Each structure stands twice: as structure tokens, then as C-alpha cells.
Amino acid sequence: MDIGSLKKESDLSYGIAVAKRNALEKAQSRLIIVYKEHIFRADSQTINLVKTLGEVHSSPFYIVDTNDNPVEISNPKEFLQILVQRNQEAISSYHQMSKTFEKKK
Amino acid sequence: MLVKKNLKLPITVVTNFKTFKSTKPMGFINYKFIEPELGNTKLGKEWNNVDRHMAYELSPYDTTLVMDIDYFCFTDNLAQFLDTDYDFLVPNTAYDLTGRNTFDQRKWSMIPMVWATVLVFKKNHKVSKIFKTVKYIKQYYSYFVDMYRVYAKNLRNDYLFAMALQQINGFTGYDKLPLALPTLPPDCEVVKITDNGLAWKHDDKISYIENQDVHVLNKELSNV
């Protein structure tokens, strides 16, 4: 491989890496939701916490939002459904974008 | 148009009459005319950004989402923040869409900066005090800039609001929008804008993003 081809490959890889990172950031932005007037991330940590507390603790239970303020969760089933729905909306969009990056390689 | 399409909120544009006359009128927008305070500059050009402190009294709404004119909302992500329990929310991070991490602002001051490009506030006594503090710091900005050792000496709302929030909250922190504002640095030239996203040129390369909000810092697009 000559230096010109190497630079071209490197630039292409960099472009794909930045686009992929942007797609992930887009997904991270989309994971942020407002529920019961508080802000949460519909990420794996929140989903697991709400699912676990819903299973092993009677309602209501309490968790903290993104600003560390406590929130009463009285309907964990409803909250979990919203979290999972938003999580999969964001991550499936990221998955679709990732597929287009693979084709460019 | 993007605000109407994606956020579905009533819109009030604060501008001067000259700018209003130079743009295509849109019937669904309310206008508030001000005479911008002049004298602030960025890279040697007039920078019309000094009037943000007036947002509280100029807003006709109980809950307001303030947005710079160079912030393109290609999503409805921001709309939900009008329905929170919080009185005042501002993001404190930005995300560099070019992948260069150029917004590592802590090197440039002793105070973590906020990104006052986007603010959400309610009209109440607490927020009124925040804006009064903003006005006070603006009045003595050169003193506060020196005290916080801010590298940039021109007035920047990001520092103005960061200082006000730190002061009024007794140096204990404050509530934030957990968003990293997707931002294009000033050396990126926007080459195309559609209903869903935009394309930019940087270092002889064209990149684009869709269905993601974008804050464009290149002032050739809009001098705010």
C-alpha cells in the first residue's frame, strides 16, 4: 500500500468512526425522558433498577432522577414500559445507522 | 419552521425591527422588538448576544424554552422539558459533531461553563431571582470575568449564566438538562439544510446528520 492509499483508508475510517460516534450520541440524547415531571435516562441501569424494584419491592418505591432528586414511582409497570419503549426506539435507530457504516467499510 | 414542526409550541421571536423587515414574515410567530445592546464582539465582529438577561420579562409564557437562532431542532427532544418539576434548567455540556472534542471549556476558566444556547425556565419568584442575579453580574461582568479567570473577555451568556447560577445557589451546584448539545464548531461551514438535518464542510470533507438537533457556531449563518 502506498502512502496515498493509506491516507485515503485512514480518512475513510475516521469519517466512519465520527459518524458512528455521532449516531451513538444521537441515541444517548433520545434516551432522555421526562416521567412524572422528572428527568431520567432510559438506559440499561434505569431499566434494570425499575424492573428489579418492581419485582422485589412493593409499590410505591423511590428512585433518583438525573439531578439526584428523589421520585416516587407508584406505577412501575407503566414506567418500565415507557423506559423500554424509548430505549429500543433509540438503540434500534443506532443499530440501523451502524449497518450503513458497515457497508461503507 | 423547525420549532413549529418538531416542538409544536407557540413561538415568540425577540429581535430588532431591522432584522424583522429583512426576513420573510411568518404568521404563526409572535414578535417582540428590542433595540439590541451593541458593543460586544466575537472574532472582531458585532455579536448580538447581550440581551439574554431580558428573556424573563420578555417571555409571555408561564414556562419558556429559550433557544438561540442558530440552534436547529430537528427532533422533539426539547419539548418534554417543559413538563418537568424544575424551575430552571440549562445544559452544561456540548458534543462536538466533528469528533475533535473542542468544547473542553474547563481549560478556559475557573468555573464550569453552561451552554445558555438552550434554557428552560418557569416564571416564579426563584427564577426571577436568578435573572436578577444575571443582570447584576452582567453589570459588573469585567469584575466577575477576572474573579473567575475567564479567558474570553467579551460577554458570553454561557459564563454569565454559569456565574449567576453558582452565586445564587450558594456555590452548591444547580439542576441541569442532562443533554450534551450537539454542536458544530465555528470552522464548519453549513452547506445544506433540509427539514430533517444538515450537511457541513470541514477540512474539505462533507458530513451530515439527520434527526438530531444541531447548534451551529459558524456566525456566517447567524450572528448570535
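This is a short tour of a predicted model, stop by stop.

**Stop 1: check the confidence.** Colour everything by pLDDT before you start. Chain B has a mean pLDDT of 90, and 96% of its residues reach 70 or more. For the model as a whole, the scores are ipTM 0.90 and pTM 0.91.

**Stop 2: chain B on its own.** Along the principal axes, its C-alpha atoms fill a box of roughly 45 × 40 × 35 Å. Of the 224 residues, 33% count as buried.

Take the contacts in chain B between residues at least 6 apart in sequence: 69% of them join residues at least 24 apart.

**Stop 3: the core.** Now select B:Val90, B:Val114, B:Val118, B:Leu160, B:Phe161, B:Ala164 and B:Val214, and show their side chains. These are the residues with the most contacts inside the largest nonpolar core, which has 64 residues. Which helix gives the largest share of this core? That's α6 of chain B, residues 157-168, with seven residues. As background, nonpolar side chains tend to be buried together in soluble globular proteins.

Zoom in on B:Ala164. Leaving out residues up to four places away in sequence, B:Ala164 touches B:Ile130, B:Thr133, B:Val134 and B:Ile137.

Stop 4: Bring chain A back and select residues 3-30. This is helix α1, with 28 residues. From its first C-alpha to its last, α1 reaches 40 Å, close to the 40 Å expected at 1.5 Å a residue. Next, pick out its buried residues: A:Ala19, A:Asn22, A:Ala23, A:Lys26, A:Ala27, A:Ser29 and A:Arg30. What covers them? The cover includes β1 (32-35) and α3 (76-104) of chain A, together with β9 (176-184) and β12 (205-210) of chain B.

**Stop 5: where the chains meet.** Show both chains and look at the contact, which takes 18 residues from chain A and 20 residues from chain B. On the chain A side, α1, β1 and β2 (38-41) each supply at least two residues. Helix α1 of chain A gives the most to that side, with nine residues. Colour the chain A side by class to finish: there are six nonpolar, six polar and six charged residues.

How values were computed:
Residues are numbered from 1 along each chain as its sequence is written. Chains are lettered from A and ligands numbered from 1 in the order in which they are written. This is a predicted model: local features need pLDDT of at least 70, side-chain atom pairs count only at pLDDT 80 or more; totals for chains, interfaces and linings use all residues. Helices (H or I, at least four residues) and strands (E, at least two) are DSSP runs, numbered from the N terminus. The expected span of a helix is 1.5 Å times one less than its number of residues. A residue is buried if 20 or more other C-beta atoms lie within 10 Å of its own, exposed if 12 or fewer, and partly exposed in between; C-beta atoms are placed from the backbone. Two residues are in contact if their C-beta atoms, placed from the backbone, lie within 7 Å. A nonpolar core is a set of buried Ala, Val, Leu, Ile, Met, Phe, Trp, Tyr and Cys residues joined through C-beta atoms within 7 Å. Ala, Val, Leu, Ile, Met, Phe, Trp, Tyr, Cys and Pro count as nonpolar, Asp, Glu, Lys and Arg as charged, and the others, Gly among them, as polar. pLDDT is the predictor's confidence in each residue, from 0 to 100.
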